[in-house]
Amino acid sequence: MKLTLSGADCRYTVEQIAITLFPDERHSWDAPMPDTAVCRVTTGAHRHTASVTITRGGKPSRGIAYTAPDADSYRDGALIRYILRRAFYRAALPHLPEPPPWGALSGVRPAKLGRALIAETGSPARAVRALEKNDFLRRDKAELTVRCAEEAVDLLGARLSRDVEVYVGIPFCPTRCAYCSFVSSATASEGALVGPYVDALCRELADGAERVRRLSLRVRSFYMGGGTPTTLSPEQLDRVLTAAEALGLPDERTVEAGRPDTITPEKLAVLRAHGIERVSVNPQTMNDAVLRTIGRRHTAEDVLRAMEQVRGAGFACVNMDLIAGLPGDTAESFRETLLRILSLAPENITVHTFAHKKGAALFDAPSIPSAALGAMLLDAERLLSPRYRPYYLYRQKYIGGSFENIGWTLPGHRCDYNIAMMEEISTVLAFGAGAVTKFVAPGRIERLPNPKYAREYLRDFDAHLARKTALDALYASDSAE
């Protein structure tokens with residue numbers, strides 16, 4: 001679809017709503033295309049107007065939305081983006097086979113809006129109705145949003161201004177999965193970097209521990225991800241976790257064991273010795289043919305072996321990641337994966353929707369039709385909801401069918417780090433290549449990114465460590481306010 005916009009600098013908003021409503025199509029500002037979306041914004045002293053005309057197959061339809069201006073420039077910009085999404089949705093609706101489940105809502109964090117609406121309307125039920133009316137969400141998605149928002153509200157009530165979460169990134173994997181665009185390197189090609197990386201990471205953690213003490217911070221959750229942390233040797237894992245413990249780690253300690261082909265009894269023993277209670281074992285699918293398609297070197301039987309080892313080592317909570325809509329998967333084989341995972345009784349199950357990520361080998365892979373993908377996700381909900389409850393969700397650019405990723409938990413086993421990080425409830429101190437520290441204060445979020453790749457992280461380490469002093473200044477300014 002050819003996109004045009006006049007009257008406002010909101011190209012990103014238009015791109016996101018176009019991708020949300022027409023997820024199986026290509027969109028461009030420059031390339032000539034038979035279908036078009038002509039967007040116009042008119043601002044005035046008493047009223048802002050958004051108008052969108054979408055023409056598909058020679059048939060035009062128009063959508064309009066209005067709002068009163070706001071004296072605050074930031075809120076005024078948000079209102080303009082809001083009416084632009086509404087107008088686009090109204091113009092798109094006659095061209096769609098059915099109303100889309102997420103309505104006119106785009107963006108990564110739906111539950112943040114749900115949380116704001118709970119505060120504004122005074123009740124979860126009214127927040128659900130507001131999402132249906134204002135953003136055209138289907139009832140089940142509105143209820144899902146508010147349920148996850150309630151989890152965030154609950155966690156927010158337990159967080160104080162000097163509470164922080166800690167993330168440690170290990171950007172190495174045995175192989176690179178074909179669907180992945182994360183900042184990670186295969187050890188076959190970049191294995192020589194692992195030792196120097198561990199050395200540098202331990203230095204950064206020591207610097208962070210001193211900062212935690214100086215600023216009187218309290219760590220509330222710890223999460224080691226990647227990449228695949230268990231790509232490290234037992235000795236390297238021990239060094240990193242020993243350095244991290246100087247931060248003053250809480251009871252909630254999570255490590256992504258992730259790839260079953262990296263899990264060994266020796267590594268699990270190291271994790272347990274450092275008080276790690278939560279691990280992930282992420283098969284993505286239990287279909288061996290699909291595993292080969294996505295570049296995994298393990299089988300479904302390896303997943304079963306890894307789970308047996310993890311349970312034998314005594315971990316209190318296990319998460320398992322699945323992806324709906326992987327190339328080569330079907331509704332039947334995805335259901336079989338779900339049933340096999342449920343038989344293993346993990347405390348957490350995260351159901352992702354396949355996303356065409358730029359930089360991933362499968363970016364141009366054929367998409368599963370949105371209706372078939374929706375049926376997979378509905379099947380997952382039906383199988384999981386009798387025992388599990390959703391506790392956090394997020395959406396991604398280019399996600400299949402414009403659906404969502406949902407974290408499900410058994411009662412009493414939710415991962416607070418996932419909620420705090422996704423809902424931006426408290427500051428995250430991040431360590432390692434590609435990690436992003438986020439300073440969170442009321443009405444304010446500041447990002448302090450680390451160098452993106454392991455080579456850059458090592459090359460620019462001293463300069464990067466010096467830039468970490470910006471966090472001291474942020475806490476000083478917050479205290480002054």
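**Notebook: a sheet and a helix**

Entry 1. I began with strand 1 and strand 2 (residues 36–42), which pair in the parallel sense over 5 bridges. I keep in mind that this is a predicted model. For one pair I looked up Lys2, and its bridge partner in strand 2 is Thr36. A reminder to myself: strands of a sheet pair through backbone hydrogen bonds, either parallel or antiparallel.

Entry 2. I found an open sheet of 4 strands in the order 1-2-3-4, and the pairing is mixed. Which strands stand at the edges? They are strand 1 (2–6) and strand 4 (59–67); each has a single partner strand, so one side of each is left without a neighbour in the sheet. From one strand to the next, the twist averages 10 degrees.

Entry 3. On to helix 9 (residues 265–273), where I asked which residues are buried. I noted Lys267, Leu268, Val270 and Leu271. Why are these on the same side of helix 9? They cover an arc of only 155 degrees around the axis, and that puts them on the same side.

Entry 4. Last, I checked just after helix 9, where Gly275 takes a positive phi of about 75 degrees.

Technical notes:
Residues are numbered from 1 along each chain as its sequence is written. This is a predicted model: local features need pLDDT of at least 70, side-chain atom pairs count only at pLDDT 80 or more; totals for chains, interfaces and linings use all residues. Side-chain values use heavy atoms; hydrogens and water are left out. Buried means under 20% relative accessible area, exposed over 50%, partly exposed in between (1.4 Å probe, protein chains only). Helices (H or I, at least four residues) and strands (E, at least two) are DSSP runs, numbered from the N terminus. The arc is that of the directions from the helix axis to the C-beta atoms. Two strands pair if DSSP finds at least two bridges between them. Axes are lines fitted to C-alpha atoms, for helices over the stretch in contact, and angles run from 0 to 180 degrees between N-to-C directions.
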